[in-house]
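The model I examined is predicted.

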Amino acid sequence: MAAIAHKIVPHLWFDTQAVEAANFYCSIFPDSQITSNTTLPDTPSGDATTVTFTLLGQQFMAISAGPLFKFNESISFMVYCDDQAEVDYYWEKLSAVPESEQCGWLKDRYGLSWQIVPKAMNTMLENANPAQIARVTQAMLAMKKLDLAALQQAYAGEQGHA
């Protein structure tokens with residue numbers, strides 16, 4: 001088992017794809033790696049595989065332990081992006097269920113939900129007056145993938161925002 005690096009570690013339950021998913025996520029995020037892979041014999045689900053991995057320094061654990069549980073939108077991982085190119089990169093790599101795309105949320109090939117958010121959006125909302133918050137919110141609600149330029153236009157009160 002890998003050393004415990006964080007007090008809180010997200011743990012993800014997969015049917016059979018924990019190692020596959022960990023490899024997929026590590027291929028997308030820089031400075032990421034699988035740190036351990038262990039088989040637990042004779043669990044109530046049969047043999048279960050656990051995999052520990054880090055994405056951008058955040059430790060995760062995943063288990064392949066059968067089809068008992070499925071991901072849903074009540075849990076998602078937020079990826080804060082420096083610019084539109086980074087938003088576009090993560091969106092392209094992770095989005096696999098187009099009908100689930102809404103307001104910067106997407107669902108990947110394993111059913112896990114992600115929010116791909118430009119950092120500037122948080123800055124805008126933290127320093128906004130009520131009219132700016134309303135405009136940015138309305139612009140965001142009309143989007144699937146977040147468009148930083150359109151959000152900035154909405155924040156500034158410029159015409160032509162989504």
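I call a residue exposed when its relative accessible area is over 50%, buried when it is under 20%, and partly exposed in between.

Entry 1. I searched the whole structure for salt bridges and found three.

Entry 2. I looked up the partner of Asp82 and found Lys119, with the closest N and O atoms 2.7 Å apart. Lys119 belongs to helix 3 (residues 119-126), while Asp82 sits in the loop between strand 5 and helix 2 (84-94), so this bridge ties together parts 37 residues apart in sequence. I noted Lys119 as partly exposed, at 41% relative accessibility.

Entry 3. I then turned to Glu73, which forms a salt bridge with Lys107 at a closest N and O separation of 2.4 Å. The pair links distant parts of the chain, 34 residues apart: Glu73 is in the loop between strand 4 (58-64) and strand 5 (76-81), and Lys107 is in strand 6 (residues 105-107). I recorded Glu73 as partly exposed, with a relative accessible area of 40%. Lys107, at 15% relative accessibility, I recorded as buried.

Entry 4. Finally I examined Lys145 and Asp88, whose closest N and O atoms are 2.9 Å apart in a salt bridge. Lys145 lies in the loop between helix 4 (130-141) and helix 5 (148-156) and Asp88 in helix 2, so the bridge joins parts separated by 57 residues in sequence. I listed Lys145 as partly exposed at 33% relative accessibility, and Asp88 as partly exposed with a relative accessible area of 30%.

Conventions. Residues are numbered from 1 along each chain as its sequence is written. This is a predicted model: local features need pLDDT of at least 70, side-chain atom pairs count only at pLDDT 80 or more; totals for chains, interfaces and linings use all residues. Side-chain values use heavy atoms; hydrogens and water are left out. A salt bridge is a side-chain nitrogen of Lys or Arg within 4 Å of a carboxyl oxygen of Asp or Glu. Helices (H or I, at least four residues) and strands (E, at least two) are DSSP runs, numbered from the N terminus. Buried means under 20% relative accessible area, exposed over 50%, partly exposed in between (1.4 Å probe, protein chains only).
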